[in-house]
Amino acid sequence: MIRPLNWGVVATGRIAHRVTRDLALLENTVLHAVSSRSPAAAKEFAGQYGFAASYHDGPVGKGYDLLFGDPLVDVVYIATPHAQHFEVAKAALEAGKHVLCEKPLTVNAREARDLAQLAGERKLFLMEAVWTRFLPATLRALEVVRGREIGAVRWVQADLGFAATYDPNSRLFDPAAGGGALLDLTVYPLTWAVSVLGFPTKVTAAGLLNHDGIDLQNTVTLEYPDGATAQLVSSLQSSSPGTVTISGTQGWLRTGSPLYRPRRVEYQGADGVVHVEEFPEEAEGFIHELREAARCIRAGLLESPLMPWDESVRIMGLLDSVRDQLGVHYANDR
């Protein structure tokens with residue numbers, strides 16, 4: 001018999017609801033505890049999904065600290081705004097809990113590096129929840145590319161955008177929360193580029209900032225020693241197809257939309273035949289990253305081979321470089 005893992009969820013916003021719906025379907029899983037700043041939100045969330053315990057901010061401390069102090073919690077999923085990821089994940093690791101943290105893992109590479117070091121010292125599992133990496137369609141696309149069925153890759157194009165209405169109270173437009181297109185959207189196109197081509201030798205970025213100093217749109221070009229390139233566009237100003245195109249010397253591959261949740265892969269190899277493969281969705285799609293986290297924890301792994309610490313740190317380093325070029329700065333940088 002496999003002992004169930006007791007999960008805790010930190011925060012009760014939109015993404016926490018979506019992930020928890022999949023977590024409830026995961027094999028050998030107990031929804032044990034949830035925390036929120038608000039007692040009403042924590043209690044409502046716990047009741048909706050059947051958590052045994054709920055914690056909230058109060059005179060005795062922060063809700064997440066109380067959750068981390070619960071001896072029955074094995075692993076926590078962190079769904080707070082970006083700028084709080086480091087603080088909350090650090091507290092969880094220091095309390096001896098395994099951590100699955102929503103993307104981006106942190107706001108900058110220094111924070112990501114510190115978390116990885118702490119997880120290693122405490123012998124605890126840590127993973128950035130970039131759900132795209134674990135989806136069947138993504139794994140199949142990378143299998144086709146790495147099997148050189150389209151030849152050697154020469155360029156990758158990826159875009160992701162939607163027209164967001166400005167709201168100073170929204171985390172998307174709040175510098176204190178790590179707002180902007182870069183950390184919210186660019187993570188996905190960048191994930192595809194790095195998965196296909198690896199890490200570049202040169203990063204060039206351009207973009208548009210608003211009066212709050214966050215990026216509304218950015219264009220990122222990655223250059224590689226062999227001349228391959230990646231062109232990535234993300235926007236909070238306009239809609240885009242939200243697809244990835246991978247061009248090789250003998251063919252091409254294109255994902256379905258949206259690129260962060262593809263359910264179709266279309267590719268053409270040297271034979272000129274266009275192959276289309278469909279991937280029915282399992283739950284909301286988050287179950288794959290949750291299943292991987294549970295697998296790694298039970299196997300005694302500290303990191304997932306599909307989302308290793310080094311890649312999280314280096315991707316944050318690329319995002320740091322882009323922010324420097326755009327002039328986007330967050331309080332966490334200080």
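Lys90 and Glu94 join their side chains in a salt bridge, 2.8 Å from N to O. A salt bridge here means a side-chain nitrogen of Lys or Arg within 4 Å of a carboxyl oxygen of Asp or Glu. The two residues sit 4 residues apart in helix 4, so about one helical turn separates them. Helices (H or I, at least four residues) and strands (E, at least two) are DSSP runs, numbered from the N terminus. Lys90 is partly exposed, at 31% relative accessible area. Glu94 is partly exposed too, at 40%. Buried means under 20% relative accessible area, exposed over 50%, and partly exposed in between (1.4 Å probe, protein chains only).

This is a predicted model: local features need pLDDT of at least 70, side-chain atom pairs count only at pLDDT 80 or more, and totals for chains, interfaces and linings use all residues. Residues are numbered from 1 along each chain as its sequence is written, and side-chain values use heavy atoms, with hydrogens and water left out.

The structure holds 19 salt bridges. Glu87 lies in helix 4 (residues 85–94), while Lys62 lies in the loop between strand 3 and helix 3 (63–68), so the contact ties together parts 25 residues apart in sequence. Glu87 is partly exposed, with a relative accessible area of 37%. Lys62 is also partly exposed, with 37%.

Now take Arg133. Its salt bridge partner is Glu311, with the closest N and O atoms 2.7 Å apart. Arg133 belongs to the loop between strand 6 and helix 6 (136–146), and Glu311 to helix 9 (residues 309–326), so this pair ties together parts 178 residues apart in sequence. Arg133 counts as buried, at 7% relative accessibility. Glu311 is partly exposed, at 23%. Elsewhere, salt bridges link Arg18, Arg21 and Glu284 in a network.

Strands 3 and 6 lead on to the sheet. Here 6 strands form an open sheet in the order 3-2-1-4-5-6, with parallel pairing. Two strands pair if DSSP finds at least two bridges between them. Strand 3 (53–56) and strand 6 (126–129) stand at the edges with a single partner strand each, so one side of each has no neighbour in the sheet. On average, neighbouring strands are turned by 20° against each other, direction ignored. The axes behind this angle are lines fitted to C-alpha atoms, for helices over the stretch in contact; angles run from 0 to 180 degrees between N-to-C directions.

Ser35 has Tyr55 in strand 3 as its bridge partner.
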